[in-house]
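Dear colleague,

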2 protein chains.
Amino acid sequence: MVSERQPGGGGGSARVAPLSGRTVLDFGTALAGPVCATLLGEFGADVIKIERPRFGDPLRGYGPAIEGQPAWWLIEGRNKRSITLDLRRPAGQDLARRLIGTADVLVENFRPGTMDGWGLGYPDLREQFPRLVYVSVSGFGQHGPYGDWPAYDRVAQGMSGFTYLNGFPDRPPVRPGVGVTDYSTAVFAALGAMLALYERDAQGSGRGQQVDVALYESQLRMFHFFLPAFERLGFLPERAGNFNPAMVPAESFLSADGTWITLAVGTDRIFAALAQVMDRPELATDPRFIDNKHRVENHEAIHGLVRAWVAEHRADEVLALLRGAGVPAGPIYTVADIYKDEHFRQRGSVTTVSDRTLGDITMQGVIPQLSSTPGRITTTGPALGEHNEDIYGGVLGLGRDELARLAEAGII
Amino acid sequence: MVSERQPGGGGGSARVAPLSGRTVLDFGTALAGPVCATLLGEFGADVIKIERPRFGDPLRGYGPAIEGQPAWWLIEGRNKRSITLDLRRPAGQDLARRLIGTADVLVENFRPGTMDGWGLGYPDLREQFPRLVYVSVSGFGQHGPYGDWPAYDRVAQGMSGFTYLNGFPDRPPVRPGVGVTDYSTAVFAALGAMLALYERDAQGSGRGQQVDVALYESQLRMFHFFLPAFERLGFLPERAGNFNPAMVPAESFLSADGTWITLAVGTDRIFAALAQVMDRPELATDPRFIDNKHRVENHEAIHGLVRAWVAEHRADEVLALLRGAGVPAGPIYTVADIYKDEHFRQRGSVTTVSDRTLGDITMQGVIPQLSSTPGRITTTGPALGEHNEDIYGGVLGLGRDELARLAEAGII
């Protein structure tokens, strides 16, 4: 990440992080809500994570732990300060309202109606806190017939149209191994928060609003041209495995040394280059493969030839040949490949963060990369309630005795 | 979408769209760059699409056309004004610079170095246009060893770790049927643009910067806990089809009437509810299925039982039973299902936009939903160069004769 060192001109004052001075309250629980807050915290917001006493964000219990510290939490809790607070009790709700009075953004992803039940819904807060940006993430949104249905990623993804098209025609629709719907929703939620903050602070309304983000909608936004094509042309897309009629050949191929690679032939020129590196230049003029239309018709034949060729070579040989010839190609990376890739490290897409007890921990970096005010990771995910004194004492001004009483009563 | 009608208090002035008065130049070509600009345009930015004379954005050629109008372009060109401009020629580059002088945000997704070759790279522009936010989308980013590699979605996705984990253990890694990497990158790019604008206008630096967004990085950001778990625990995730060890049973099941449904059992209480609606209450106390650990060990047995039960019923029956019992479940929707779903229509996740020649066209709506300044769709994707007179005449003040000369020379 190239950091801009205050070039001449401009006001001369040092530039601050985009969200410097802004406070985000993260009431979210795994996964989309907390990740939205993480993204905002990477760009300078002070993120206070509100967690249920004793339990904490369920994200702390997902996936493996490293010396007792949950790996996922180390990442998605980064830069945050953690406090405990029982929102189910009136004294907890009162403290929540006091904290909300200090905040710019609130993020929550409870089932719709839950925050309202605690007196912390947007209708309860908007008059008292007109500047508040209230980000609500849910499976099916804050209104509409399905509003209060439980919000499981797999269910929302199924209804978004994504799952039906993922996988092979002779196999069931398949859920991906990476939670794209949860994560994409988190990015949409962060975008919504920024739009609302910009309207408040740069357009000058001085007022907040609610951002309503639904898991199924974030995924549905990516549904290509399928709705108008269905409506007007009766087009009904089906699962097609790796087959993409816009580009043939394009597939996953296994090399002689057991590495999956992929390549994608987008033009006849690229196909000729592929035929050349395969040492089969005659394929480029073979009537079966003369253009994409014919290659689609004969996709099994051409994919079979490429599969056999890749299977005879080591992956590094094949990729060097393909890249040298200008054929878009690359390995299908495992986590081990990603871990050791030099490009990923140089750019900071993979980075290390110092953890107090674990030392330097490798994790994905800050995305996107900003040239003048780049995002930062300062800490890994905190311990549950690690910052109770900081926040309740330092921000709300509660004394030690009061903190002790609240802790004993299980409010914090 | 509940629109807020200026409740009492506040400045009293009507609130404007978040990006009202901001201009975005969309130099992108299919897909991530243009979609970033679409998202900004939905929230009030004036988006000017710059297209190559005669060719236009290749997105106009992707997927089916409806009465000669490409379905995808109708969606991702919405709200935009289109002008033609040949950036390969100095006269075109001069006009581009004049347009850039009027803009807040520039979005481009050429291969790194391409805009520089035209004198339109960020280093060429930053001094002359210090307020410009310059969003660069690419496969592998603007710097680093892979910086100039061609940027195909499938290749970047393969290197992000997503593809390796998508699909079945006995089948090759599979590309999803929906371009999640391209779309997620577009959302990250829009988030980056908003962060940069907020820093410029609300933090008051008055200065722009470059936002560097890479396809592979946007997808890698979603890579769960895999990097630290690999580093410290040697954890190597593999493709597992629909199997998720955190929740068993959870799968795709086919109903008697040929509809795929999904369900997800996250707790023992939910499992007991499932056993009840299956009319097999004894399963809840069966030692093989007594908790998730045992259900994981016996996942084939329990998935087999659920599969057989679902196969005996109509999907609507099964889903009514499951929802009534509080078991998270839903259909795996096809485009036809999405098209007719009432919730999707009521929320505006699916909406209609009036096209000049096609009439009302159904497409995905604006995501996310903002309560006080909701996004809007005013027009479908424009014809190539439809707004040449508007922009070159109205914005740059070129006369009709000059426009005619530029058109004749093929500059516009």
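Which residue in S14(B) is the bridge partner of Val211(A)? The partner is Leu370(B), and two bridges join strand S8 (residues 210-214) of chain A to strand S14 (residues 369-370) of chain B, the two running antiparallel. Strands here are DSSP E runs of at least two residues and helices H or I runs of at least four, numbered from the N terminus, and two strands pair if DSSP finds at least two bridges between them.

This is a predicted model, in which local features need pLDDT of at least 70 and side-chain atom pairs pLDDT 80 or more, while totals for chains, interfaces and linings use all residues. Residues are numbered from 1 along each chain as its sequence is written, chains are lettered from A and ligands numbered from 1 in the order in which they are written, and side-chain values use heavy atoms, with hydrogens and water left out.

The contact (heavy atoms within 4.5 Å) takes 160 residues from chain A and 160 residues from chain B. Between them the chains bury about 14200 Å², 64% of it on carbon and sulfur atoms; this is the accessible area (1.4 Å probe) lost on being put together, summed over both parts. The interface holds twelve salt bridges (a side-chain nitrogen of Lys or Arg within 4 Å of a carboxyl oxygen of Asp or Glu), and one salt bridge brings together Arg171(B) and Asp170(A) at 2.7 Å, N to O. On the side of chain A that touches chain B, helix H7 (residues 180-201) of chain A gives the largest share, 16 residues.

Best regards

Technical notes. Buried area = accessible area lost by both parts, 1.4 Å probe.
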